[in-house]
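Me: I would like to learn how to read helix packing and chain contacts in a model. Please take me through one.

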Amino acid sequence: MGDPINNMVGEETSDEERAELRETLGLTDPIHIQFSRFVVNASKGEFGISYQLRRPVSELIIERLPATIELVLISALIALVSGTLLGVYTGINRKGFLSDFILAVSLLGVSLPTFVIGILFIYLFAVILGVLPSFGRGEVIDLGFWSTGLLTISGLKAIILPSVTLSLFQMTYIIRLVRAEMMEILQTDYIKFARARGISEKSINYKHALKNGLIPVITIAGINIGTLVAFSIITETVFQWPGMGFLFIQAVQFVDIPIMSAYLVFIAFVFVMINFIVDILYYFIDPRIRVKGDVTSG
Amino acid sequence: MTFLKINNLSIDYKMRKETVNAAKNINIDINKGEIVGIVGESGSGKSTVANAIVNLIDEPGKISSGSIFMGETNISENPETIVQYRGKKIGLIFQDPQTSLNPILTVGEQLIETIQTHLNISTDEAKNKAINLLTEVGIKEAKKRFSNYPHQFSGGMRQRVVISLALCCEPELLIADEPTTALDVSIQSQILELIKKLTRERNLAVILITHDMGVIAETTDRVAVMKNGDLVEIGPTKQVLVEPKEKYTKSLVSSVPPTNKKISRFTIIEKENLNNQNNNIKILNRWSKKSIVDQNLVKIQNLSKSFDDSFFTENTKNSVMAVDDVSFDIKEGKSFGLVGESGSGKTTIAKMVVNLFKPSSGDIFFDNVNVTKIKKNKDLLKFRRQIQMIFQDPFSSLNGRLKVKEIIAEPIKLHNPNIKSMDLDNYIYDLLESVELSQQSAIRYPHEFSGGQRQRISIARALATQPRLLVCDEPTSALDVSIQAQILNLLKDLQEQLNLTILFISHDLPVVRQMCDKIAVLKDGKLCEVSETEELFKNPKHNYTKELLKLMPKIESIYN
């Protein structure tokens, strides 16, 4: 990885000054002491000082957090809503031109890498049509604890391309999952029984089938929101989005270890939290796990 | 007056290569206040006809000719008409109450939605109606149960909910497709009584589809017999069952295990396999034949098994006693029957006997050795080869990716690793012959066989280690009655020739009566009574046994 001191100081720094800096940063201690110090500090939310930017890492992360969270939430929303709608449509109308078309396009979404799609979008909407900005977050309003781009026109315009780019992969995933679930559930006995009772097709599709079909979708979508945060590195780089992913990529180039480790710990934390939330959501969605051992005999 | 008239109905399934005629020129008339049974084996087209009435035939099936009249209206002509009839004029009940209800909607939500689809009434009125219906079909505390989810009901209760759903808009025709097949005997009789009562009270026309001749005999007024899409015979139930005109009906009736007497063999009129059985099967030459010693081969003493509900069980309340202090002996060369309803612990006992479960307490002696005390796997292997098991479902108990040859070779090689490949092949052929399968079957895969043939393969696999004890866990409950008769005959023949001891587990009392010398009746993990078969049937001592015998559907009831 190289010596971080070399990246931090200028060429004319003397060896004595370098050694002194190394001492203050604690880089001369044995590995296990450095590591335990890292763990203790990390548990307190302190990840040290960025080698490159010379500011506390936690401060940097908090500063960049809103940008990434907004991007991820908007693209998760796009992926969930349009993925579910298209999935239900293709699940119900299995044959038909539009279904085939959606599925063919969704294949493209899975197979094209995010950065290619991002660059294509920039070329089409920013360069040729010139309707949307190609980089940045637009105008940002500072709410004190949170800086949002969702309240200004330029901010909203700026988030369209990156969020759509980021959502495409997840969307195609959800389309296929919802479609498979719908097709399976429409074959079940309780759907057949509902038909035999004369329940309308609309209610069968959206009330009976979709509700059951969404249970596994929520699990997958929950895990995928974590993936979105991780994927956002590429999207943020392509669109120069001032979020954590962009911060991370810059940190990698400068071997800025405190930022990298803080980012990775943060991602792990996000994954765990999302899974925890999904597990709790289950309780509200699926009545079968709500009460255990409450079956009356008869 | 004829209420429903099925006229020359034919249903075709257009497949890629061929067209399958699922039903051919079916004519059935049904009157109000009458229960008409449709009986037949799987694939006979009985459900297809029922589904055709409400236009719910699975893709790609289509009505190719004929008509269905309900009163004066031709309901098969226009799909729009039938959609309005579903639930309102025609109610349907399906086989499996576990899967017929939507798991994430409450029973009440499903009832109210159905009622409001057909009747123009307010939600409160619909709720009142729903609660009354639930009470009518025998659900206690209907008001409280109204907002429960389906999984909070037991199987029998769920089928009652299904019936209330089918009847909620006062249909004139009720179609019940195997309504009790998935239920225990006692619940089956309650459900059938309920259907009979509702038929009387509401003057319903009922179509009852089943493969169970006992149910037909006890419930229906008239019966239609179907085979391969043809209507073989239709007439008053008594006439069809007592004096069948057609050969097929005769064979169907003769395959049904009689409930009132023990017969040595089932009369088979139509055979699945054509090759005749010879009495000197070659496998005998390989059998390290042991003459029967007059001893108890299996001794089970104070056997108990409890299952803990979860890993983190905080109290012992959650643990379930699946088997509770059970003791019995099995004489060598005899068949011992274990009878009970689902959840009675019979399969758990079987799994402990073959050492798949460890008992919580108690001992199992096999050939005077306490098997539960054996610790080393190597020593256990010796016992494992002497005890083999045949499972209920022939579709999931064979590995679909192995050829029959490999399936049977596996146990042989495990217990006899040095066998030469020529000898192994011959061994396999001999085993296949003993279960009346051809040598060509060896190179085929399980999916190429029918259910009955697969069960034969399972038997051949079980025989491969030359066991002394065969544990049969519901070996025929997934099979049609004519196939069941053949498999039971085969088991009897093999037992006689190979001196096998059999532990036979079943919920089907007539079958157990034909197969076993001695029977144990289980309820909730406890032993109710153990006695000689004929003694048990003629002179049951325990109240539960009496009740079971009273409730089992009897084909003979038709003579009364």
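Me: Is the crossing of H6(A) and H7(A) right-handed or left-handed?

Reply: This is a predicted model, where local features need pLDDT of at least 70, side-chain atom pairs count only at pLDDT 80 or more, and totals for chains, interfaces and linings use all residues. Residues are numbered from 1 along each chain as its sequence is written, with chains lettered from A and ligands numbered from 1 in the order in which they are written. A crossing is left-handed if the near helix is turned anticlockwise from the far one by less than a right angle, and right-handed if clockwise. H6(A) and H7(A) cross in the right-handed sense.

Me: At what angle do the axes of helix H6 and helix H7 of chain A cross?

Reply: Two packed helices are described by the angle between their axes and the distance between the axes. Here the axes of H6 (residues 114-128) and H7 (residues 153-185) of chain A cross at roughly 145 degrees and come within 10 Å. Residues making the contact include A:Phe121 of H6(A) and A:Leu168 of H7(A); contact requires C-beta atoms, placed from the backbone, within 7 Å.

Me: How many residues of chain A are in contact with chain B?

Reply: 24 residues of chain A touch 26 residues of chain B. On the chain A side, H8(A) gives the largest share, 7 residues. Helices are DSSP runs (H or I, at least four residues), and strands are runs of E of at least two, numbered from the N terminus.

Me: How many helices and strands are in chain B?

Reply: Chain B has 20 helices and 20 strands. Its C-alpha atoms fill a box of roughly 75 × 60 × 45 Å along the principal axes.

Methods:
Two residues are in contact if their C-beta atoms, placed from the backbone, lie within 7 Å. Axes are lines fitted to C-alpha atoms, for helices over the stretch in contact, and angles run from 0 to 180 degrees between N-to-C directions.
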